[in-house]
Amino acid sequence: MNGTAYLKADYASILAFFLLGCVYIAIGMFISSTTESQIIAAVGTFGVILLLLLWPSLVNFLPTSASGSLVGFLLLWTLCVVILHRVTSHNLLAIVLEAAGVVALVGAYVAKKSMFDRALVNLVEKIAVTDVFQNFASNYIFDAGGLIYYVSIIFLLVFLTVQSVEKRRWS
């Protein structure tokens, strides 16, 4: 009665908030499927969600130099291989993937060093989960790509959760 309601923007914000909650739940399910302890799963989920909430502010602390970006990419690649090894328990696959990733990253760095300037910062800014919700809630922008991003993260983490549970079931 006392103001103007923007129903489309409000409902879009509610949808984005719901999907953001589903992303957080999917993260918790995946972390819970990789551990036996509920306490470790709860603390791990809390830590990852806290990291995602602080992500846009933490980007300012990342190195912008080419060598800093290379080290950051090497650490990210190693983290991905460790997660894959944790899910599959396949040692040879993890070693081969780690070696191939290190060779590819160092080779690209040697071939074209300028490609790594601000590359880590640019990548990390693109995967911020809360920015999509900010587009809906604060900027009143309907971000269809952001919705697809949320749904993709949800499906990926639910798929990885199912694979982790199946692995544990058949081991």
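The lining of the largest pocket splits by class into 26 nonpolar, 2 polar and 1 charged residues. In that count, Ala, Val, Leu, Ile, Met, Phe, Trp, Tyr, Cys and Pro are nonpolar, Asp, Glu, Lys and Arg are charged, and the others, Gly among them, are polar. Keep in mind that this is a predicted model, where local features need pLDDT of at least 70, side-chain atom pairs count only at pLDDT 80 or more, and totals for chains, interfaces and linings use all residues. Residues are numbered from 1 along each chain as its sequence is written, and side-chain values use heavy atoms, with hydrogens and water left out.

**The largest pocket**

- Its volume comes to about 1200 Å³.
- A pocket here is an open set of points on a 1 Å grid over the protein atoms alone, where a 1.4 Å probe fits, with protein on both sides within 12 Å along at least five of seven lines; lining residues have an atom within 4 Å of a point.
- The volume is the space filled by probe spheres set on the points, and grid points are joined across faces, edges and corners.
- The lining has 29 residues, and V48, L79, C80, I83 and L157 lie nearest the centre of the pocket.
- Five helices, α1 (7-33), α2 (38-58), α3 (66-88), α5 (119-126) and α7 (144-170), each bring at least two residues to that lining; helices are DSSP runs (H or I, at least four residues), numbered from the N terminus.
- The largest share of the lining, 11 residues, is from α3.

**The second largest pocket**

- This one has a volume of about 200 Å³.
- Its lining is made up of L51, W55, L58, V59, L62, G72, L75, L76, L79, L120 and V124.
- Two or more of these lining residues come from each of α2, α3 and α5.
- Here too α3 gives the most, with 4 residues.
- By class, the lining holds 10 nonpolar residues, 1 polar and no charged.

**Salt bridges**

- There are 2 salt bridges in the structure, each being a side-chain nitrogen of Lys or Arg within 4 Å of a carboxyl oxygen of Asp or Glu.
- One of them pairs E36 with R168, whose closest N and O atoms are 3.6 Å apart.
- That pair ties together distant parts of the chain, since E36 sits in the loop between α1 and α2 while R168 is in helix α7, 132 residues apart.
- E36 is exposed, at 68% relative accessible area, while R168 is partly exposed at 37%; the cut-offs are under 20% for buried, over 50% for exposed and in between for partly exposed (1.4 Å probe, protein chains only).
- R169 and E166 form a salt bridge too, with their closest N and O atoms 3.3 Å apart.
- R169 and E166 are 3 residues apart in helix α7, so about one helical turn separates them.
- R169 is exposed at 56%, and E166 is partly exposed at 30%.

**A closer look at T130**

- T130 belongs to helix α6.
- With a relative accessible area of 11%, T130 is buried.
- Leaving out residues up to four places away in sequence, T130 touches Y24, L52, L53, P56 and Y150 (contact means heavy atoms within 4.5 Å).

**How confident is the model?**

- The protein has a mean pLDDT of 89, with 99% of its residues at 70 or more; pLDDT is the predictor's confidence in each residue, from 0 to 100.
- Confidence is lowest in helix α6 (residues 130-137), at a mean of 84, and highest in helix α4 (residues 91-111), at 93.
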